[in-house]
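Trainee: Could you walk me through reading backbone angles and helix packing in a model?
Mentor: Gladly; let us bring it up.

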Amino acid sequence: MDILEAIGNTSMVRLHKVVPPGCADVFVKLEWENPTGSMKDRMAQAAISKAEADGRLKPGDTVVEYTGGSTGTSLALVCAAKGYRLRIVTSDAFSQEKRDHMAALGAELTLVRAEGGRANRGLFDDMIAAARELSREPHSFWFDQLNNADIITGYYPLGEEIWSQTNGLVDAFVQSTGSAGSVRGVATVLKRNKPGVRIVVVEPAESSVLLGGPAGAHAIEGTGIGRVPPLWDPALVDEIEPVSSQEAEGMARRLARDEALFAGTSSGANVVAAIRVAERLGPGATVATLMIDSGLKYLSTDVYKRDSSR
């Protein structure tokens with residue numbers, strides 16, 4: 001069995017203690033079961049395979065990308081398995097663990113400093129510009145996740161797994177958005193099977209641009225790029241739910257203590273929003289969301305260093 005064959009088919013479990021009485025059932029997919037501990041393994045494998053198939057990526061080429069870490073780590077996994085050089089543009093706004101993981105898998109890192117240590121639109125613009133410059137070198141393939149529609153297909157199997165694991169009873173799917181690839185991939189599959197399923201997108205309250213607010217700095221890694229993502233498809237989305245960094249971090253800590261689920265901040269945001277949806281839908285309904293990645297990626301960040309009060 002090849003390491004890339006270990007991607008997908010992750011477990012789904014029901015939340016118990018963090019969901020108040022009188023709510024719909026809330027189920028979470030444990031995407032940290034993927035090889036790098038992140039759902040991004042799915043899209044990295046799919047999009048690299050597509051680029052190989054149509055000749056954009058050839059043996060001996062170098063893959064280039066800008067990333068907060070999880071996409072880069074997943075690309076590092078796939079590139080190591082397939083034998084490609086990988087050059088990553090990232091930032092100190094994202095966890096040290098993610099940067100160390102990428103480097104351990106062979107990625108060559110270029111670091112862009114973040115003002116105040118937080119992600120914002122200007123930081124993403126600087127990272128993209130640096131990656132664009134690197135991609136101009138000969139024999140380079142720029143992955144360009146925000147504009148790469150191939151990533152969407154990587155999440156079709158995730159949608160099928162959710163449909164199967166809920167026995168087709170899923171009433172709502174809740175997911176944070178960065179590139180919008182995972183939302184589009186899962187929503188496409190779920191709405192094909194059940195047109196009435198509600199798709200709820202989560203974004204940082206401090207940078208709620210999808211609701212028409214201003215871009216701002218936040219601490220929910222992997223989300224809130226400060227603009228409408230190029231892959232965004234509003235036709236697939238029923239609601240947008242803003243969640244603050246403080247709420248997301250607090251829920252991540254609660255999940256660890258009360259549910260024994262050790263996840264990152266975006267997963268915390270997902271659960272905050274999923275509970276709101278579950279409260280609206282009420283008993284008898286089913287809400288699905290994702291544990292996007294492992295809390296092991298965030299041990300050096302404030303989320304697991306702050307006061308442990310709820």
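This is a predicted model: local features need pLDDT of at least 70, side-chain atom pairs count only at pLDDT 80 or more; totals for chains, interfaces and linings use all residues.

Mentor: Residues are numbered from 1 along each chain as its sequence is written, and side-chain values use heavy atoms, with hydrogens and water left out.

Trainee: Where is Ala180, and is Ala180 buried or exposed?

Mentor: Most residues other than glycine have a negative phi. Ala180, however, has a positive phi near 80°. Ala180 lies in the loop between β7 (172-176) and α7 (181-193); helices (H or I, at least four residues) and strands (E, at least two) are DSSP runs, numbered from the N terminus. Ala180 is buried, at 2% relative accessibility (buried is under 20% relative accessible area, exposed over 50%, partly exposed in between, with a 1.4 Å probe and protein chains only).

Trainee: What is phi of Asn9?

Mentor: Phi of Asn9 is near 55°, also a positive value. Asn9 sits in the segment before β1 (12-14) and is exposed, with a relative accessible area of 65%.

Trainee: At what angle do α6 and α7 pack?

Mentor: Two packed helices are described by the angle between their axes and the distance between the axes. Helix α6 (residues 156-165) packs against α7 at about 45°, with the axes 7 Å apart. Axes are lines fitted to C-alpha atoms, for helices over the stretch in contact (heavy atoms within 4.5 Å), and angles run from 0 to 180 degrees between N-to-C directions.
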